[in-house]
Amino acid sequence: MKKVLIIGGTSGIGRGLVDVYLKNGYKVGIVGRRTELLNQIKSINQNVFIETLDVSNTSKSIDVYNSLISNMNGIDIIINCSGWGEINKEFNNDIDLKTIQTNVIGFTQTMNFFIDYFLNKNKGVLVNISSIGGMRGGGFVGSYNSTKSYQIKFLESLSISIRKLKKDIQITDVRLGFVDTDMLKGKGFWVSSVNDISNKIFKDVNNKKSVVYNDLRWFIISKLLRILPKSML
């Protein structure tokens, strides 16, 4: 039985992925901030292993990851769905710092821990949910778009490094446009459902895609964002 760890698996895309991987016969580890939601998921399936964690708590995360690796007898796939961001029209420093702590500090420690783990295993699959927003800046989302840009470049660098090392480790960057989650707050266009995106991520990861988008439209947008003048953003 293959084993996947989903970080940020209690809601949104992470929760959707939990259902997809369980349906396909995987043993699933889940990390999330809300213990009550973790317990609800575990109560309906014996192949679920849970740990409470906010990834920004870097002093605790390593112990949590090691505990799950031990309890699950190893992990084959890690999917990082944890992330945070808010519209920041007041230029609130606390919002920016929280975004950086989660999307940069917590993200980096998670990626480095599991790259080291997979290097020691000589194989593995590492997936991160970034954002199309990381392609450019945007109004009142400076910290969010900047941190997602960091994730995109970090994953690309990891992929290049792994290729140079000639290791059997897959790196997949899921650069999403709008998805119908609480973070979207009912806004956006060409909005994908959590179910559709979760199934697409499962399929594309199995097909060893290095970069995943919602669909062809968002792939085209990603290319346009590179050349659009700042006045149109």
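**Exercise 1.** Determine how the lining of the second largest pocket divides by class, and where that lining comes from.

*Solution.* By class, eight lining residues are nonpolar, five polar and seven charged. Here Ala, Val, Leu, Ile, Met, Phe, Trp, Tyr, Cys and Pro count as nonpolar, Asp, Glu, Lys and Arg as charged, and the others, Gly among them, as polar. The model is predicted: local features need pLDDT of at least 70 and side-chain atom pairs pLDDT 80 or more, while totals for chains, interfaces and linings use all residues. Residues are numbered from 1 along each chain as its sequence is written, and side-chain values use heavy atoms, without hydrogens and water.

Next, locate the lining. Of its 20 residues, G124, V125, D168, Q170 and K208 lie nearest the pocket centre. Strand 5, helix 5 (142–165), strand 6 (168–174) and helix 6 each give two or more residues to this lining. Strand 6 supplies the largest share, four residues.

**Exercise 2.** Identify the members of the largest nonpolar core that touch the most other members, and the element that contributes the largest share.

*Solution.* A nonpolar core is a set of buried (under 20% relative accessible area, 1.4 Å probe, protein chains only) Ala, Val, Leu, Ile, Met, Phe, Trp, Tyr and Cys residues joined through side-chain atoms within 4.5 Å. Among the 29 residues of this core, V4, I6, L17, Y21, V28, I79 and I201 touch the most other members. Helix 1 gives the largest share, six residues.

Finally, consider V4. Leaving out residues up to four places away in sequence, V4 touches (heavy atoms within 4.5 Å) Y21, Y26, K27, V28, G29, M72, I77 and I79.

Definitions and conventions: Buried < 20%, exposed > 50% of the residue type's maximum accessible area, 1.4 Å probe, protein only. 1 Å grid on protein atoms, 1.4 Å probe; cavity = no way out; pocket = protein on both sides within 12 Å on 5 of 7 lines; lining within 4 Å.
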